[in-house]
Amino acid sequence: MTAAAPVTAVGTQEADIASAARLRLRHRRVTVFFSQIGLLIVLLGGWQLVVGADQLKIVLYGEPSGIFDQLVTWFRDGTAIGPLWQQIAATLEEALIGFVIGTALGIFSGITLGRIRFLAEVFSPYIKVLNSIPRIVLGSVFVLALGLGIESKILLVIVLVFFGVFFNAFQGVREVDRNFIANATILGASRWEVTWHVVLPSAFTWIVASLHVSFGFALIGAIVGEFLGGYQGLGELIKNAQGTFNANGVWAAMVILGVVALIAEFFITRLENRLLRWRPPQLSGPEL
Amino acid sequence: MSNPSPLFSTPLSTRQPAIDLQNVTKRFTTPSGSSYTAIRDLTLQVAPGEFCAIVGPTGCGKSTTLTLVSGLEHPSAGKVEVHGKQVIGITPGVGFMFQTDAVLPWKSVLDNVIMGPRFRGTDKVNAIASAKDWIRRVGLAGFEDRFPHQLSGGMRKRVALAQSLINEPAVLLMDEPFSALDVQTRAIMSNELLELWDVTRPAVIFVTHDLEEAIALADKVVVMTAGPGGTVKNTFHIDLPRPRVVQEIRFERRFVDLYQQIWEALRSEVDIAYSQSTHADMKAAS
């Protein structure tokens, strides 16, 4: 009897602590969520108020309600250069194809140069030069060389995506734990098997981290490519809106781009969790 | 098994050590061009099936000796032979257990253990069967699908042990394999190591800082001099009977005697190494 009493007391205490912790966590989530909504209202409301009913300011800066109206019109009636979904699809196609090719090339070159020291030393100055030029300017060259079609945009996207992925892959190879390589080698792995079983998985933590930034570059490449010359796409839509003093149109296209980027980010995070599921979960520690 | 040729009048097993280092020197060159001598003129032999422990102060070249035998590094001078063959490239038939975790964190326990046979060309079905058998032998049955981060430090060492032993190495090199473990887990792992070692009886070089561990495990304890340019100072034969229970053997009279003898040899080297490192620290500080 005397022994049983403290045991039940401890049990309820633990349950209390756990439910209190859950409550605290939920409370915190709700607070964060409403703060986020509040911030959005303040920003958009402030914008709307500052612009007010001043027609000149609306033309110059746009206004949130006008942007919303513009989006509705585009979705319902299509844009000046064709249905909205066609523009989104065109930009996405350029960005995705370029992203995939650029990423693949970046990983391949990074791993190859990382593994073969001689090649790294030979190529190093050329890569530094290529990386230091503002690559966005190459867009003009590509449009001149390949015309206004999809090829020039894809090439620009590849060039923009490649270097980020390449440098991360290269660094990732350099950062591989030497013991992992020694261990696999002694277990009987050939150089190629070491690359496949040890170097590549290890470098993927670096490579996947670069994909988040790279997809942003892919969208920029596609949009700028369309700016520089094209028939369709969100970049063309923005150029059109700018040409007709339609600030709301520019903002509306930007909203669409933002949504596209967020969706892509979601999928890249899924991919990241899938590829890196062997990593220990982050444990909570004291906030310092 | 006697050979008619007069050249082989004695059986190979007594003639030929499993590991043979003759007057080996290893120099490392730093990128700035200066060189560092890790071991100098080291001679050491380990017979087939012999358990040899190397003790010595920090920086005396213990680990370098292992990398030379494994073929990860090659000597600047002298001769390194394993089973009578000079070491060129990675030595075949060698297992290596590292001080830090070297099991691949992105592979499950099974995929880690299976690597050795797969790299050596065993087909997948047989490799899985033998990997499962070894996982069971090191006491990890049921954990095949776990990732290393889901295991404790001792369990990761078991994975590393299975990973090395599955190749049935004739030579097993261990570089302070249990130094990261807590004292109790370490004793348990040492016992299990001895049991597993007894099954296939590879020649072992076991590098450690811990003299107690060395005496409890080994047939022969080699004391190295302080580095740079460490070499063999003394060799002690451990005549404690096997099988041994690592946790209890240290209370035996003979164990204590051996400990005192070897410590006598080791102490002066530890003092030299310590005064060198504090000198270097004080130089760096001033």
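# Exercises on a two-chain predicted model

α7(A) makes a right-handed crossing with α9(A). The model is predicted; local features need pLDDT of at least 70, side-chain atom pairs count only at pLDDT 80 or more, and totals for chains, interfaces and linings use all residues. Residues are numbered from 1 along each chain as its sequence is written, with chains lettered from A and ligands numbered from 1 in the order in which they are written.

## Exercise 1: a helix pair

Describe how α7(A) and α9(A) pack.

Step 1. Take the elements. Helices (H or I, at least four residues) and strands (E, at least two) are DSSP runs, numbered from the N terminus. α7 covers residues 150-174 of chain A, and α9 covers residues 191-228 of chain A.

Step 2. Take the geometry. The angle is about 160 degrees and the axes lie 7 Å apart. Axes are lines fitted to C-alpha atoms, for helices over the stretch in contact; angles run from 0 to 180 degrees between N-to-C directions.

Step 3. Classify. Angles under 35 degrees count as roughly parallel, over 145 as roughly antiparallel, 65 to 115 as roughly perpendicular and the rest as oblique. α7(A) and α9(A) are therefore roughly antiparallel.

Step 4. Sort the contact residues of α7(A) with α9(A): 18 nonpolar, 11 polar and two charged. Ala, Val, Leu, Ile, Met, Phe, Trp, Tyr, Cys and Pro count as nonpolar, Asp, Glu, Lys and Arg as charged, and the others, Gly among them, as polar.

## Exercise 2: strands of chain B

Trace the pairing of β4(B) with β1(B) and with β5(B).

Step 1. β1 (residues 19-29) and β4 (residues 77-82) of chain B run antiparallel, joined by five bridges. Strands pair if DSSP finds at least two bridges between them. B:Thr25 faces B:Ala77 of β4(B).

Step 2. β4(B) also pairs with β5 (residues 85-86) of chain B, antiparallel, over two bridges. Here B:Val82 stands opposite B:Lys85.

Step 3. Inspect the turn. Two residues lie between the strands of this hairpin, and B:His83 has a positive phi near 55 degrees.

## Exercise 3: the chain contact

Which element gives the most to the side of chain A that touches chain B?

Step 1. Count. Chain A supplies 16 residues and chain B 19. Contact requires C-beta atoms, placed from the backbone, within 7 Å.

Step 2. List the elements giving two or more residues on chain A's side: α8 (178-187) and α9.

Step 3. α8(A) gives the most, with eight residues.

Terms used
Left-handed = near helix turned anticlockwise from the far one by under 90°. Contact = placed C-beta atoms within 7 Å.
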